[in-house]
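Here is a short note for someone opening this structure for the first time. Please keep the sequence and the 3D view side by side while reading.

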Amino acid sequence: MTRLTWLVLAAVSVLSACSMTRVADPVQPAPVQTPRIKEPHVKEPQVKEAQVKEPAPRPAGDSERLLGYFEHVRKLPPGELTKEHDAVRHAFVSPYADALRVRYAMLLSLPGNAFSDDTRALEVLEPLLRNADARLHGIAFMLSAQIQELRRAQGLQQKLDALKSLEMNLIERDPGAGKRR
């Protein structure tokens with residue numbers, strides 16, 4: 001799988017996990033009406049219909065904002081992406097805020113850019129990974145796991161390519177070796 005596919009899958013899994021943790025507002029059940037025999041000259045009491053409360057819109061949390069940011073930077077052209085990288089790198093250097101730490105790691109882990117650096121991205125995430133109580137520990141853990149999995153896959157691809165090259169060299173040395181199979 002490509003790096004983009006992994007990151008999209010990770011984002012979808014985080015979003016689905018976030019949506020499963022929502023607590024719905026309690027809904028009042030509609031009053032049950034039992035059939036009654038009408039008596040002459042007695043007024044029926046009026047029963048109000050139940051009002052279903054719509055859940056109040058939940059303000060976006062850090063995770064939602066970061067995922068939205070990731071979607072935004074994936075669409076930036078190379079020149080704008082470089083400007084964004086520089087801005088976040090400079091902002092990261094001063095306050096060391098957790099959200100900036102994750103943003104910087106996201107930018108560093110984007111494939112195909114001059115500033116891509118998986119090792120640095122993992123270093124940036126390290127303080128959040130060590131602190132299980134950090135607000136963004138979960139998203140830092142997910143991003144770190146994705147980076148490490150991609151590195152492992154790249155290592156396996158390199159080994160596979162080396163084996164293919166070795167096989168081709170052996171076949172070229174002994175032209176009859178390929179026919180004996």
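**Notes on the helices and the core**

1. Start with H6. This helix has 37 residues and reaches 54 Å from its first C-alpha to its last, close to the 54 Å expected at 1.5 Å a residue. The expected span is 1.5 Å times one less than the number of residues. Helices here are DSSP runs of H or I with at least four residues, strands are E runs of at least two, and both are numbered from the N terminus.

2. A word on the source. This is a predicted model, in which local features need pLDDT of at least 70, side-chain atom pairs count only at pLDDT 80 or more, and totals for chains, interfaces and linings use all residues. Residues are numbered from 1 along each chain as its sequence is written, and side-chain values use heavy atoms, with hydrogens and water left out.

3. The overall make-up is simple to state. The protein has six helices and zero strands. From the N terminus on, the order is α-α-α-α-α-α. Of the 181 residues, 25% are buried (under 20% relative accessible area; exposed is over 50%, partly exposed in between; 1.4 Å probe, protein chains only).

4. Back to H6. Its buried residues are Ile139, Ala140, Met142, Leu143, Ser144, Gln146, Ile147 and Leu150.

5. H2 covers residues 62-74. It has 13 residues and reaches 18 Å between its end C-alpha atoms, close to the 18 Å expected. Asp62, Leu66, Leu67, Tyr69, Phe70 and Val73 are its buried residues. They sit on the same side of H2, because they cover an arc of only 155° around the axis (taken from the directions from the helix axis to the C-beta atoms).

6. Arginine 103 lies over the face of tyrosine 69, at 4.2 Å from the ring centre. The test asks for NZ of Lys or CZ of Arg within 6 Å of the ring centre and within 35 degrees of the ring normal.

7. Finally, the loop between H4 (98-109) and H5 (118-130). Asparagine 113 is placed there. Its C-alpha is separated by 8.8 Å from that of leucine 81, 32 residues apart along the chain.
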